[in-house]
Amino acid sequence: MRQVVLTAPKQIEFREVAAPEAGNLKSDEVLLRILRIGICGSEIHSYHGQHPATFYPVVQGHEYSAEVVAVGGAVRKVKPGDRVTGRPQLVCGECNPCKRGQYNVCSNLRVEAFQADGVAQDYFVIPEERVVALPEGMSPDYGAMVEPTAVAAHATSRPRALEGRNVVVSGAGTIGNLVAQFARARGAKRVVITDVSDYRLSKARECGIERTLNVAREPLDGKIAELFGDEGYQVAFECAGVESSVRSLMATVEKGGDVVIVGVHAKDPAVSMFHLGEHELNLIGSMMYRHEDYLKAVEEISAGRIRLAPLVSNRFPLEKYREAYEFIDANRETCMKVLIDLEDGKA
């Protein structure tokens, strides 16, 4: 079968390897035929050698949709022919975070496509407990986008409350867009999304986020009254991964408010700890997701409350994985979600 490996920064290798066989499955394992793979921002960091926790060489891909080919004898959740996706987290189950149910921050966490091999190959084996069934009729494109939607589901569960509160999301890339959509779905009163790209902001509006602000032209601190009146805003999500974004949110969120860090920062930001303490802000981390976040993501996508169609920028066949990365690099301002289509060109 075909396999795509990132052997070093900017070095993609295509291999032919033996496919896993149904007869060798363990009782709890599921054999998948991979249909679509989404390329995420963290993998772009890995491609450029800027992700601090990527081990080379590593098979690419952790956002995906697939068809079940075969199942082990004890599997009950899915059957051959079902469409699924799956969580890419490999956890120990024995550390304190795992024991209290926070396996997304497992002390020994490994993530497929970063510290463990991912799904950029024709067939892949996964244990049943990480499988998430997709509703009948959900497109493979959408199935591959459940993973980033689950990131948004988890991030929007981190503040103390969202319902009835005003929200600013900084960064209108795929994750920021989905966070804004999920904040609205969870009952936030007003949701504003900011970015420096008019194109990304237009995509946010296509997805139903009506209040947008280009902070390259109009800084956030001068627009709070216009956007929220006397109410201000109480929850901020930092999805841009840049220092100026963190500082702006900390400076403008209401005293006592929540600032959730979602973006990956290639360089640690410098922030005012005096301001953090004097305003009694809650600076909150958000790491990936748990199984319930996947289920919530599938539910919201199926209900139409999360819109994905405007986010798909382009598709490439598996053989053009390198070109997909190059396309993203060359189109940073207009690129949202790029998908790898493993069915493209195949009979």
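Modeller: Buried means under 20% relative accessible area, exposed means over 50%, and partly exposed lies in between, with a 1.4 Å probe and protein chains only. This is a predicted model: local features need pLDDT of at least 70, side-chain atom pairs count only at pLDDT 80 or more, and totals for chains, interfaces and linings use all residues. Residues are numbered from 1 along each chain as its sequence is written, and side-chain values use heavy atoms, with hydrogens and water left out.

Biologist: Why is helix α4 called largely enclosed by the rest of the structure?

Modeller: Because 10 of the 10 residues of α4 (residues 146-155) are buried. Among them are V146, E147, H154 and A155. Helices (H or I, at least four residues) and strands (E, at least two) are DSSP runs, numbered from the N terminus.

Biologist: What makes Y289 and Y294 an aromatic pair, and of which kind?

Modeller: Rings of Phe, Tyr and Trp (its six-membered ring) pair if their centres lie within 6.5 Å; planes under 30 degrees apart are stacked, over 60 edge-to-face, the rest tilted. By this rule there are 5 aromatic pairs. Y289 and Y294 lie 5.0 Å apart, centre to centre, with 85° between the planes, and the pair is edge-to-face. Y289 has a relative accessible area of 0%, so Y289 is buried. Y294 is buried too, at 0%.

Biologist: Why is the pair of Y321 and Y325 called tilted?

Modeller: The angle between the planes is 55°, so the pair falls in neither the stacked nor the edge-to-face class. The centres are 5.8 Å apart. In helix α11 (residues 321-330) the two tyrosines are 4 residues apart, about one helical turn. An α-helix has 3.6 residues a turn, so residues three or four places apart point the same way. Y321 is buried at 0%, and so is Y325, also at 0%. With Y47 they form one aromatic cluster.

Biologist: What makes β2 and β4 the edges of their sheet?

Modeller: The sheet is open, with 3 strands in the order β2-β1-β4 and antiparallel pairing. β2 (11-16) and β4 (58-59) each have a single partner strand, so one side of each has no neighbour in the sheet.

Biologist: How do you know what joins β1 to β4?

Modeller: Two strands pair if DSSP finds at least two bridges between them. 2 bridges join β1 (residues 2-8) to β4, so the pair meets the rule. V5 stands opposite V59 in β4.

Biologist: Is H265 buried or exposed?

Modeller: Buried, because its relative accessible area is 17%. H265 sits in the loop between β15 (258-261) and α9 (273-278). Contact means heavy atoms within 4.5 Å. Leaving aside neighbours within four places in sequence, H265 is in contact with E238, G241, V242, E243 and V246.

Biologist: How many disulfides are there, and how do you know?

Modeller: A disulfide is a pair of cysteine sulfur atoms within 2.5 Å. A search of the whole structure finds 0. For C40, the nearest cysteine sulfur, that of C335, is 12 Å away. C40 is buried, at 9%.
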